[in-house]
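Work through the exercises below with the sequence and the model side by side. Try each task before reading its solution.

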Amino acid sequence: MSATLEMNTAQTADVSPEVAIGARIEKIFYGDFLAVRDSDVDIEKGKITGFIGPSGCGKSTVLRSLNRMNDLIPSFSLEGHVHFLGQDVYGKNVDPVVVRRHIGMVFQQPNPFSMSIFENVAFGLRLNGFKGDINGRVEKALRRAALWNEVKDKLKQNGLSLSGGQQQRLCIARAIATEPTVLLMDEPCSALDPIATRQIEELMLELKNDYTVAIVTHNMQQAIRVADKTAFFSVDMSQGGRTGFLVEVGATKQIFENPKQQLTKEYLSGEFS
Ligand SMILES: Nc1ncnc2c1ncn2[C@@H]1O[C@H](COP(=O)(O)OP(=O)(O)OP(=O)(O)O)[C@@H](O)[C@H]1O
């Protein structure tokens, strides 16, 4: 984890060395709409952090703000800071493309490009002007994504010809080929059947040996199975709007078995009753 953002902003305080991403989100807007407020989350190195909460509470918005993916939405604006490797990814001189190279992302719908399996994985490497052993890096990424054995004899086949679960593992291979530090996963199993879901969950547990992972999930059992830490978000409707906010974050066992906040208790008992 020796990556740097190749930028020159002041070091940020208030984040412990165990933390890969320290989000200090005051407000996130889409235009005039206050979508999220008061959400400070630490994504710890080498762990899986799960984001849970009711629909519209801002889980995906917060996740996407961690690697500036939301910059692609013109109405998006953020007040606060997102510290990564001691620097603020929203700092003045920071190139969002560089941020996304360090903090990769996997989406809800598997979205391989219409190109060969090999080229899907090589895509980011070529984009970054990688000059090393591209065959070796593609194989390594496919092996890490637990897909190599299934595709090694058909690397020239179109990525779209794979099953949904294989496509998602291909997208994970694509995301890790450039060796990011953190992998963000936005409901990566919601389009998959239970067997493919299990494979991705096992893969996540493998990946955390090499990467820090944050995952949005609607599936409480999935959070329990894979997440070391869980962040619970809710929606505040008191001002007539629907603004998401972080209720509490802690060890997954503590959140599910002994939540500190009444809102968490109510949500979880509703989920399980
Ligand atoms: N591009 C956008 N433009 C405007 N509003 C948006 C945009 N994306 C999300 N929102 C709004 O921001 C709020 C938070 O949405 P977000 O998708 O982050 O929530 P979520 O908790 O991930 O929801 P879900 O579980 O349903 O996916 C919602 O009110 C949503 O309608």
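Two residues are in contact if their C-beta atoms, placed from the backbone, lie within 7 Å. Keep in mind throughout that this is a predicted model.

**Exercise 1. The whole chain**

Task: Find what share of the contacts with a separation of 6 or more joins residues 24 or more positions apart. Then test the chain against the rule for a compact globule.

Solution: 
- Step 1. Take the contacts in the protein chain with a separation of 6 or more; residues 24 or more positions apart account for 72% of them.
- Step 2. List the secondary structure. The protein chain has 10 helices and 10 strands.
- Step 3. Apply the rule. A compact globule of 273 residues would have a radius of gyration near 19 Å. The protein chain has 19 Å, so the two agree.
- Step 4. Along the principal axes, the C-alpha atoms fill a box of roughly 55 × 50 × 35 Å.
- Step 5. A residue is buried if 20 or more other C-beta atoms lie within 10 Å of its own. On that count, 44% of the 273 residues are buried.

**Exercise 2. The two sides of α7**

Task: Check the length of helix α7 (residues 194–207). Then say which of its residues are buried and which are exposed on the other side.

Solution: 
- Step 1. Helix α7 has 14 residues, and at 1.5 Å a residue it should span 20 Å. Its end C-alpha atoms are 20 Å apart, which agrees.
- Step 2. The buried residues of α7 are Ile 200, Glu 201, Met 204 and Leu 207. They cover an arc of only 120° around the axis, so they lie on the same side of α7.
- Step 3. Turn to the other side of α7. Ile 195 and Leu 205 are exposed there.
- Step 4. Look for the cover over the buried residues of α7. It includes β3 (48–52), α6 (164–177), β7 (182–186), β8 (212–216) and α8 (220–226).

**Exercise 3. α6 and the loops around it**

Task: How many of the residues of α6 are buried? Then describe Glu 179, in the loop between α6 and β7, and Lys 154, in the loop between α5 (148–151) and α6.

Solution: 
- Step 1. Check the length of α6. Its 14 residues should span 20 Å at 1.5 Å a residue, and the end C-alpha atoms are 20 Å apart, which agrees.
- Step 2. Count the burial. In α6, 13 of 14 residues are buried, so the helix is mostly covered.
- Step 3. Step off the end of the helix. Just after α6, Glu 179 takes a positive phi of about 55°, although Glu 179 is not a glycine. Glu 179 has 18 C-beta neighbours inside 10 Å, so it counts as partly exposed.

**Exercise 4. α3 and its neighbours**

Task: Against which helices do the buried residues of α3 pack?

Solution: 
- Step 1. Pick out the buried residues of helix α3 (residues 117–127): Ile 117, Asn 120, Val 121, Ala 122 and Gly 124.
- Step 2. Trace their contacts. They pack against α4 (134–144), α5 and α6.
- Step 3. Look past the helix. Gly 129 follows α3 and has a positive phi, near 70°.

**Exercise 5. The ligand shell**

Task: How many residues surround the ligand, and which element gives the largest share of the shell?

Solution: 
- Step 1. Count the shell. The ligand is surrounded by 15 residues, the closest being Tyr 30, Ala 35, Ser 55, Ser 60 and Thr 61.
- Step 2. Assign them to elements. β2 (33–44) and α1 (59–65) are the elements that give two or more residues. The largest share, three residues, comes from α1.
- Step 3. Sort by class. The shell has five nonpolar, eight polar and two charged residues.
- Step 4. Return to strand β2, the place of Asp 38. Phi of Asp 38 is positive, near 45°, in a residue other than glycine. Asp 38 counts as partly exposed because it has 15 C-beta neighbours inside 10 Å.

**Exercise 6. Val 235**

Task: Which residues does Val 235 touch, not counting those up to four places away in sequence?

Solution: 
- Step 1. Val 235 is in strand β9 (residues 229–236).
- Step 2. With 18 C-beta neighbours inside 10 Å, Val 235 counts as partly exposed.
- Step 3. List the contacts. Val 235 touches Pro 54, Gly 56, Cys 57, Arg 242, Thr 243 and Gly 244.
- Step 4. Val 235 and Ala 145 are 90 residues apart in sequence and 35 Å apart in space, C-alpha to C-alpha.

How values were computed. Residues numbered from 1 in each chain as written. Predicted model: local features only at pLDDT ≥ 70, side-chain atom pairs only at ≥ 80, totals over all residues. Helix = DSSP H or I, 4+ residues; strand = E, 2+ residues; numbered from the N terminus. Expected span 1.5 Å × (residues − 1). Buried ≥ 20, exposed ≤ 12 C-beta atoms within 10 Å, placed from the backbone. Arc of directions from axis to C-beta. Near = placed C-beta within 6 Å. Nonpolar A, V, L, I, M, F, W, Y, C, P; charged D, E, K, R; others polar. Rg over C-alpha atoms; globule rule 2.2 N^0.38 Å.
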